[in-house]
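Please read them alongside the coordinates.

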Amino acid sequence: MVRSDASHVPLERSRPGRRGIAASAAVALVVFASAAGLPAHADGPTTFTNATSVAIPATGSANQLGPAGPYPSTLTVSGMTGLVTAVQVVFHGLTHSALNDVDAMVVAPSGANLVVLSDIGDPQTSLAFTSNATLTFADAAAGSVPIGNVPTGTYRPTNNGAPDAFAAPAPAPSAQTTLAGAFTGIDPNGAWQLFIVDDTSGDIGSMAGGWSLVITTEAAAVATTTVVTTSGSPSASGAPVTFTAAVTAGGNPVTTGTVAFTADGSPLGTVAVQPSGTAQLTTSGLAEGTHGIVGTYSGSTGFLTSNGSVSQRVDTATVVTGSTYCNPGGLTVPTNGPAVPYPSNITVSGLDAPISTVTATLDGVSHAVPVDLDVMLSGPVPTSNVMLMSDVGGTAPVTDATIVFDDAAAGSVPKPLAAGTFRPTDDDSDAADAAFPAPAPVAGSATTLAAFAGQNGNGVWSLWVVDDATGDAGSISGGWCLTFETFSSTDIALQSSANPSMVGQSVTFTANVTADGSPVTIGSVLFFDGATPLGASVAVDASGIATLTTDALTAGAHDISANYGGSPAHGISYGLLDQVVDLNATSTALASNANPSITGGAVTLTATVSAAGSPVTSGSVSFSDDGGTLASNVPVDGSGVATFTTSALTVGTHPISATYSGTAAYAASSADLSQVVDAQIVADAGGPYSVAEGAGLTLDGSGSTAGAAYAWDLDADGDFADASGAMPSLTWAQLDALGLDDGPSSHAVTLKVTLGDQEVIDTVALDITNTAPSTVIAGSLTGTAGVPFTVKVGAEDPSAADMAALFDYTVDWGDGSPIETVSGPADPPVTHVYVVAGVYSASMTSTDKDGGTGDPLTIQVVVDPADSTPSPSPTPTPLPPTGADSTGAALLAGVLILGGALLVGAASRRRRTHRS
């Protein structure tokens, strides 16, 4: 696929270019395992073939690219004993007009794989083709697949360019570069697969005879490990560098066999393993760039092969002239993809101040189509980078031009490109640039070399050159240079007006900017709290001072910095300060509305939060009892007060705490108090009580709270002075004095129990029952027949009320005469005439106003004959005196005169009148 360049015709730049050569190889460690045992060969080289033709790409594929047919081609290996020690891959009857387009990967039954052919050259400038050739891939071959007409022969696996992507169901290609590295130590039996892809349109081919595997196994061998190290990376071009391969098995050195070293797939040499288990190779022929160095241990009887790799960077030595640093090594720009080397590096050292300006020079720029060139410069911190030129310079060729990039230049890169000094120029008017291939950094947004101003220029600078369209090549034959100017260094002394400060307090930061001890009077300072600006830039004054005042700092430690932005003559500088901002201290006071309180009684806890004597009106308070939460997050009000009321406190002493939570401005604080909770006292008046007239009364308040004071109110006058004590006894006289003197009647007895601030009462009923009166008489008990016999009859009653009222009396004279009834409070004589002499048993009763009738009083009346001498008679019990001052029983008498109906009737009328 040869393109004529007799006259230049620009290619379509929207078409992706072909892959470039890999820039570096990752360090890899490869270990192959096998069964343990004594060394013994199992099977010598054994060939397995699938002779089915393979179309590349599959017949009918669109645009003549894509997977081959079949995809994959499968070859079954069986009957082999032992593990693989060597593999060769053979392509039979291979024909293709652009072998550069063919990618081929072999996959073992275990999944191990190797790309044996890929990207052997740029078909635009280095076309490879073959016709009906048999290509054998073997690690021991003398060389890689060549460019041009590829004849039948044996070649090392050849895989150039970036990693390939194979369509499913193919696995991802491994990082291995040799057949031994990919397949040594595996069980060969099973289905092997060959995945072939044509990755560029325009050419087709086939493998008419199919393909073969030549496999050698060994029954038992020991796995080995090969580790490759370098004497130093980067190294200088032309300077020697030594690579050491250490071969071990089971942690012990392997002392037989050889190690073959390659650089980017090209042989460097084969070295025998020494008794130390190492093999060393020294070379000074590595070109500038990054090289993948692989050391492959050959294996020997009883030991399997293995390999290891290391990345070696080679730079052309930097040439320093004054403040100009150059890499005189040239760069080769391909028709598409990264230049070689990629990147080209300059190592800068000795700059004693930050960069003020930098210019970049490309020496000997030649390219058929300069617009294809993308050139990026990155500094010691790769994320700081600038596009020097991209999509500019036109399509006219340029030859051996010296191009200088300087922010102070008069204009941008011209079209057509010519030698001169220009500003960095990136034209993205048609489309943004594609990302530079790895390991280049992501292109930043900076458009001028001022992006490097203020930075430390010491370190490695890299030039990344890519041709972003196919069809044209070029070079930068004389290499490139960087020229630096540095700032006068400045210093900043940063101070705080108050450190530590309080939240909300104004703090002034002062930055004093000097250069060589003298004030810097131009430029400005930007103050930061961490990464956050505290305000706009502040210009330094005639004393080199810039200040900023803020009251917005939150509590905690703050990394305050003052950043001087520099000037045309002064470098940027930074001042740092650790500013501590404390929360405003608070105090919390805790009070209870009732202490001690009683069980079940409401207790209101009040927390008052203040700071510097003023209420704190934000935040909340949590109340706890001996660590257990009573209430959480109770907000403080506008007076700094939070309250909580509870009735759930049990008997005992409670350690109550109120904890103020704090806010972004106020510190937490707490207060404690001991809340005493007493048991609810009990008043138990006992009862109900019942007492008969004339009897004493004992009250029983023993069911009340012990240790309290007891006071009784029996007459319901609200005065609890009637009795005291838990079990007081009252006589009838005391009850009478209280007005409890008549029964039947009901009264309320109330007990008041007092303990501390507690006072409770209990009221029960007191019933006074009526006591029947006792009958008494006075007078002689001796009479004479036919002569009126007179005695006085009366009543004794403990109730003064009863005594003040009328009594009803009955008299049975015992001689068969009718029973007489008389009523009245007085004590007139009761007269009866016994007709016949004798001894008579007379019976008398008295009934009080409440209907209580006492036991009959029986007396013996002796009646003498009318004409005889009177007999001695019993002396009757005298009646007590009557009158208002009588304290005993009063004698009430009724007079009964035989045959005196008028007297009886009068007495009856008087009784009815009194009771009415």
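1. Y809 is buried in this predicted model, because its relative accessibility is 0% and the cut-off for buried is under 20%. F807 is buried as well, also with a relative accessible area of 0%. The rings of these two residues pair: the centres of F807 and Y809 are 6.3 Å apart and the planes stand at 35°, so the pair is classed as tilted. An angle under 30 degrees would have counted as stacked and one over 60 as edge-to-face.

2. The search of the whole structure gives 13 aromatic pairs. One of them, F623 with F644, is stacked, at 5.9 Å centre to centre and 25° between the planes. The two residues are 21 apart in the chain, F623 in strand 53 (residues 620-625) and F644 in strand 55 (residues 641-646), and the pair links distant parts of the chain. F623 is buried at 1% relative accessibility. F644, at 18%, also counts as buried, since the limit is under 20%. Elsewhere, ring pairs join Y325, F452, W461 and F484 into a cluster.

3. How many disulfides are there? The count is one. The sulfur atoms of C326 and C481 lie 1.9 Å apart, and the link is right-handed, with 110° about the S-S bond.

4. Four salt bridges are found in the whole structure. In one of them R313 meets D315, with the closest N and O atoms 2.6 Å apart; R313 and D315 are both buried.

5. Another salt bridge joins D802 to K849, with 2.9 Å between the closest N and O atoms. The pair links distant parts of the chain, since D802 sits in helix 3 while K849 sits in the loop between strand 71 (838-847) and strand 72 (857-864), 47 residues away. D802 is buried at 0% relative accessibility, whereas K849 is partly exposed at 30%. K849 also forms a salt bridge with D850, at 3.2 Å from N to O, and D850 is partly exposed with a relative accessible area of 32%. Through shared partners, salt bridges connect D742, D802, K849 and D850 in one network.

6. Where does D797 lie? D797 is in the loop between strand 67 (788-796) and helix 3 (800-803). D797 is buried but has no salt bridge. The nearest side chain of opposite charge to D797 is K849, 8.0 Å away, and the cut-off for a salt bridge is 4 Å. A polar atom of the D797 side chain does lie 2.9 Å from the backbone nitrogen of S799.

7. S501 is placed in strand 40 (residues 501-502) and is buried, at 1% relative accessibility. Neighbours within four places in sequence aside, S501 is in contact with V507, Q579, V580, V581 and D582.

8. G143 lies in the loop between strand 9 (128-137) and strand 10 (148-149). Its C-alpha atom is 7.5 Å from that of S266, although G143 and S266 are 123 residues apart along the chain. Not counting residues up to four places away in sequence, G143 touches Y155 and R156.

Terms used: Residues are numbered from 1 along each chain as its sequence is written. This is a predicted model: local features need pLDDT of at least 70, side-chain atom pairs count only at pLDDT 80 or more; totals for chains, interfaces and linings use all residues. Side-chain values use heavy atoms; hydrogens and water are left out. Helices (H or I, at least four residues) and strands (E, at least two) are DSSP runs, numbered from the N terminus. Buried means under 20% relative accessible area, exposed over 50%, partly exposed in between (1.4 Å probe, protein chains only). Lys and Arg count as positive and Asp and Glu as negative; His and the chain ends are not counted. A polar contact is a pair of N or O atoms within 3.5 Å; within protein, one must be able to donate a hydrogen and the other to accept it, and residues adjacent in sequence count only if both atoms are side-chain atoms. Rings of Phe, Tyr and Trp (its six-membered ring) pair if their centres lie within 6.5 Å; planes under 30 degrees apart count as stacked, over 60 as edge-to-face and the rest as tilted. Contact means heavy atoms within 4.5 Å. A disulfide is a pair of cysteine sulfur atoms within 2.5 Å.
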